[in-house]
Amino acid sequence: MTLPMLIVIAAGVVAFHARGWVRFWLPVAWVIGAHVQVAWTSISSEWLFTQVDVSPIMGAVARFGSLPTALACLFVAASAGEALAHRRRAWFGPAALVLVALAIVPPPPRGDPSALAGVGVVHLRAPLEVPAVDEVDGDLELVVWPEASFAAQPVISEGAVDGARFGSRLGSGAAAHLIGVTTPPRYGSQNMAVAVAPDGSITGARAKQILFPVFERRFLGLGIDRFVEGRAAPVLPVAGRAVIPLICGELLTPRLAREGLAAGGDFLAVMASDRYQAHLAQPRWQVLAHLRLRAIESGLPGVYASLEGQAAIVAPDGQVLAESDPDAPSGVLTWTASSGADDRIPARRPDVAVLFSAATPDLRPDCRRDDASITTSSRSPARRSVRHGP
């Protein structure tokens, strides 16, 4: 619970505490506080993601929406607390009826995850451990990369793009790519999801709209305005699909997923950088739970690509179809109805650099002594071979 929520709830206590009715005003105050917090800070404190494994509650989310479900659950909790505090057993009666109604709601509809056929989801263990691009696509139609996975800074704007290229082909096959890049600061830097055709041409772009305070935008006089906020609808046509790209923290609020669904999106594609939580079990579970919740809310399948984190593929009912192992090397996660999950780990190539200089025999490579094999001869120029990796 954060400051905006506490302020709204405190106002409810002042206004209604003498009259009771906690079970009525507390759920409403809680929801209003959560909406104020998102509008002010861009950070969500929704708690329904903690219930993704409770089938009846997720069934209510799928059929009635998150807001009515949250109000119903909060009403039950507040009623129970109020009944216990005042020792009024009868006050729990309406809450019991709501609880029974929630308990008999069927699970979320299974939905159709077929839009994910032919989609590969990249997980990078480190920025320099990128799967060889000519091995990534293979039989895939679309490869989804994490946020800021490439250093290229194309000079483009949101929407359809004509005449811009990524610089080189991203693979050897016929796959299109959805990649994360930033635009140059001198033009107003934006954190973008970019659609790239198999020949390397950029066909469309969509910039991040929900910017974190302090880290991505100025907030209460702190931080800097690192990015310009995006405005385009959260849908990108690529590889014959209408993808709803959500960039990192945009996963945490339902608004963009709803807008993408209304615009005809086929599936959710989260492009994240998880450096701050790499290899931690609790954040890993939390982001996957949010993805499952967004899928259930929208009735669409979803994928999660991340830098220094996990990859995941979920069905419209929140079922996890595929997930990369916590300590897996960089790879491409896929799923098909016939074969199930497959994490493709392209063969790593050793990085070899050979430095030669007749004029400067004392040339030294910038690496640790145990990473370098150095051979010199008094009769020949220095030759140093540096080998990294296995």
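Here are some questions and answers about how the labels on this predicted model follow from its values.

Q: What makes Val332 a buried residue?
A: Buried means under 20% relative accessible area, and Val332 comes in at 1% relative accessibility, so it counts as buried. Val332 sits in strand β13 (residues 331–336).

Q: Which residues does Val332 touch, beyond those up to four places away in sequence?
A: They are Gly120, Val121, Val122, His123, Val136, Leu140, Asp342, Asp343 and Arg344. Take Val122 from that list: Val332 and Val122 are 210 residues apart in sequence, yet their C-alpha atoms are 4.4 Å apart in space.

Q: What makes Val28, Ile32 and Val36 a nonpolar patch?
A: A patch takes residues with over 30% relative accessible area and no salt bridge, and nonpolar side chains are joined within 5 Å. Together with Val28 and Val36, Ile32 forms a surface patch with about 220 Å² of accessible area.

Q: Are Asp53 and Arg292 buried or exposed?
A: Exposed means over 50%, and buried means under 20%. Asp53, at 56% relative accessibility, is therefore exposed, whereas Arg292, at 15%, is buried.

Q: What makes Arg206 and Glu250 a salt bridge?
A: The cut-off is 4 Å, and the N to O distance of this pair is 2.8 Å. Arg206 is in strand β6 (residues 202–207) and Glu250 is in the loop between β8 (241–247) and α7 (255–262), 44 residues apart, so the pair links distant parts of the chain. Both Arg206 and Glu250 are buried.

Q: How do you know that Glu229 and Arg231 form a salt bridge?
A: Their closest N and O atoms are 3.2 Å apart, which is within the 4 Å limit. Glu229 is partly exposed at 37%, and Arg231 is exposed at 68%. By this rule the count comes to 13 salt bridges, and Glu46, Arg294 and Glu297 are linked in a network of them.

Q: What makes β11 and β12 a pair of strands?
A: Pairing needs at least two bridges, and three bridges join β11 (residues 312–314) to β12 (residues 320–323), which run antiparallel. Ile313 has Ala322 as its bridge partner in β12. The two strands form a hairpin with five residues between them, and Gly318 in the turn has a positive phi of about 90°.

Q: Which residues touch the most other members of the largest nonpolar core?
A: They are Leu142, Val144, Leu178, Phe267 and Ile313, out of 46 residues in the core. Strand β9 (residues 267–273) gives the largest share of this core, six residues.

Q: What makes the phi of Ala148 worth a look?
A: Most residues other than glycine have a negative phi. Ala148, which is not a glycine, has a positive phi of about 50°. Ala148 is in the loop between β2 (142–144) and β3 (159–160), and at 40% relative accessible area Ala148 is partly exposed. Glu308 also has a positive phi, near 60°, and is found in the loop between β10 (302–307) and β11.

Methods:
Residues are numbered from 1 along each chain as its sequence is written. This is a predicted model: local features need pLDDT of at least 70, side-chain atom pairs count only at pLDDT 80 or more; totals for chains, interfaces and linings use all residues. Side-chain values use heavy atoms; hydrogens and water are left out. Patches are made of residues with over 30% relative accessible area and no salt bridge: like charges are joined within 9 Å, nonpolar side chains (Val, Leu, Ile, Met, Phe, Trp, Tyr) within 5 Å. Accessible areas come from the Shrake-Rupley method with a 1.4 Å probe; for residues, only the protein chains shown count as cover. A salt bridge is a side-chain nitrogen of Lys or Arg within 4 Å of a carboxyl oxygen of Asp or Glu. Helices (H or I, at least four residues) and strands (E, at least two) are DSSP runs, numbered from the N terminus. A nonpolar core is a set of buried Ala, Val, Leu, Ile, Met, Phe, Trp, Tyr and Cys residues joined through side-chain atoms within 4.5 Å. Buried means under 20% relative accessible area, exposed over 50%, partly exposed in between (1.4 Å probe, protein chains only). Contact means heavy atoms within 4.5 Å.
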